[in-house]
Amino acid sequence: MRKALIAVPLIILLLGLMGTFWLGPEYTDRSMNRVDRSQPLPAVTDAARALHQNLLVVDLHADPLLWKRDLLQRLPYGQVDLPRLQEGNVSLQVFGSPTKTPRNLNYDSNPSDSDMLVWLIIFNAQPLRTWFSLYERARFHAQKLSALVDRGDGRMMAVRSAQELQQLIAARQLGAPVVGGLLGLEGAHALEGKLENLDGLYAAGYRMIGLAHFFDNEVAGSMHGEGKTGLTPLGRAVVQRAESLGMIIDIAHASNAAVNDVFDMATRPVVVSHGGVRAMCDYNRNLSDAQLRRLASNGGVIGIGYWDAAVCDPSPAGIVQAMTYVRGLIGVEHIALGSDFDGTVTTRFDTSELVQLTQALLDAGYTDEEIRLIMGGNALRVLQSGLP
């Protein structure tokens with residue numbers, strides 16, 4: 001009898017743990033990557049659909065690799081998977097690799113000594129090597145993308161060079177529904193303070209490197225960190241080495257000082273993979289007019305985000321308002337898409353509904369050629385000039 005009484009709570013505990021590992025990842029994913037359907041999206045015209053289907057669409061940042069999903073399947077939650085990328089006519093998706101988030105995450109000041117992402121990693125039942133190594137977490141995301149390409153039956157291809165990018169463009173122009181995937185590191189803390197780890201992640205397929213995320217690290221200060229410092233000596237070495245390898249520098253989340261340091265030394269166009277403009281939406285992570293002008297002088301692009309802290313009004317029209325401000329200040333050739341889909345944001349649409357942006361651009365009076373540049377042409381220019 002005593003053994004039976006002991007066994008019952010143990011069985012309940014075991015079932016609870018099994019439920020956590022089976023249901024917890026999906027519940028967390030559903031609750032953190034939402035599409036707000038409370039307001040209907042505007043009607044899309046036949047003209048907008050026809051134009052959209054002839055675009056080369058590039059999104060400079062989304063985080064679906066962070067979650068425990070089969071991205072080859074169309075899912076009823078989240079914001080990105082391969083079927084929805086195809087429905088949205090996306091030619092190239094940059095897959096971000098966030099490897100650490102601080103406790104009580106906020107936009108103003110975060111310490112670097114906590115790691116809340118480890119709990120998601122454990123719940124996702126990732127390999128033990130990823131539990132306590134940021135570098136291994138980034139390598140794991142690269143392996144996930146490689147597996148998607150291998151299992152995708154030609155529906156996905158990895159983009160690691162200018163030649164592969166051109167092959168993707170040629171296939172798309174011939175009507176093939178293949179989607180390119182390019183890896184972007186979200187925060188150089190994944191280097192764990194070692195320059196040689198940059199070469200390791202390059203070998204794993206990374207071709208874009210964000211210098212900071214929500215906290216200061218050994219490479220650069222974050223706009224959301226405690227010190228908000230500039231590039232460290234290691235950071236300068238990382239920028240130089242990344243450019244020499246053919247990696248695109250991403251200044252999203254970087255501190256003002258670090259952004260200025262990058263512009264002072266960059267020899268190739270840089271990107272803001274996902275963000276907004278401060279004049280339209282006054283959050284510190286968004287770029288000031290002075291920074292936008294330096295971005296233009298550098299030849300880079302800003303990927304305008306789709307969530308409230310990037311544009312304040314996350315409707316398609318609100319996103320285009322931010323783009324219109326950039327066009328008026330520095331020109332249409334510096335505008336790109338930077339959704340931050342699946343980056344724990346709530347958006348008004350998912351990637352299958354990107355025609356909404358084409359419609360909103362048409363409604364705002366943009367020409368077909370301007371729309372081609374914004375939806376992908378500008379990003380492709382920067383990638384083609386920077387990739388090996």
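Residues are numbered from 1 along each chain as its sequence is written, and side-chain values rest on heavy atoms, with hydrogens and water left out. Because the model is predicted, local features need pLDDT of at least 70 and side-chain atom pairs count only at pLDDT 80 or more, while totals for chains, interfaces and linings use all residues.

**Cores**

Let us start inside. The largest nonpolar core holds 82 residues, and Leu-191, Ile-209, Ile-249, Ile-304 and Met-323 touch the most other members. A nonpolar core here is a set of buried Ala, Val, Leu, Ile, Met, Phe, Trp, Tyr and Cys residues joined through side-chain atoms within 4.5 Å. Buried means under 20% relative accessible area, exposed over 50%, and partly exposed in between, using a 1.4 Å probe and protein chains only. Apart from this core lies another, of 21 residues, including Leu-165, Val-178, Val-271 and Ala-336.

Leu-191 touches Leu-185, Asn-197, Leu-198, Leu-201, Ile-209, Val-219 and Val-238 (contact means heavy atoms within 4.5 Å), leaving aside residues up to four places away in sequence.

**Buried elements**

Helices (H or I, at least four residues) and strands (E, at least two) are DSSP runs, numbered from the N terminus. Strand β2, residues 57–62, is largely enclosed by the rest of the structure, because 6 of its 6 residues are buried. β2 pairs with strand β3 (residues 90–98) in the parallel sense over 4 bridges; pairing requires that DSSP finds at least two bridges between two strands. Val-57 stands opposite Val-90 in β3.

In helix α9 (residues 256–265), the buried residues are Ala-258, Val-259, Asp-261, Val-262, Phe-263 and Met-265. Their cover includes α8 (233–245), β7 and α10 (289–298).

Asn-378 is buried, with a relative accessible area of 1%. Leaving aside residues up to four places away in sequence, Asn-378 touches Val-301, Val-332, Glu-333, His-334, Ile-335 and Leu-373.

On a 1 Å grid over the protein atoms alone, a cavity is a set of points where a 1.4 Å probe fits but cannot get out, and a pocket is an open set with protein on both sides within 12 Å along at least five of seven lines; lining residues have an atom within 4 Å of a point. Grid points are joined across faces, edges and corners, and a volume is the space filled by probe spheres set on the points. The structure holds 4 cavities of 30 Å³ or more.

In the table, Ala, Val, Leu, Ile, Met, Phe, Trp, Tyr, Cys and Pro count as nonpolar, Asp, Glu, Lys and Arg as charged, and the others, Gly among them, as polar.

| Space | Volume | Lining by class |
|---|---|---|
| Largest cavity | About 60 Å³ | 6 nonpolar, 5 polar, 2 charged residues |
| Second largest cavity | About 50 Å³ | 5 nonpolar, 2 polar, 2 charged residues |
| Largest pocket | About 550 Å³ | 16 nonpolar, 8 polar, 4 charged residues |

Of the 13 residues lining the largest cavity, Ile-251, Ala-254, Val-259, Arg-285 and Leu-287 lie nearest its centre. Val-259 is also one of the buried residues of α9.

For the second largest cavity, β7 (248–250) and α14 (368–386) each supply at least two lining residues. The largest share, 3 residues, comes from α14.

The largest pocket is lined by 28 residues, with Met-32, Thr-101, Leu-105, Gly-343 and Thr-344 the closest to its centre. α1 (2–32) gives the most to this lining, with 5 residues.
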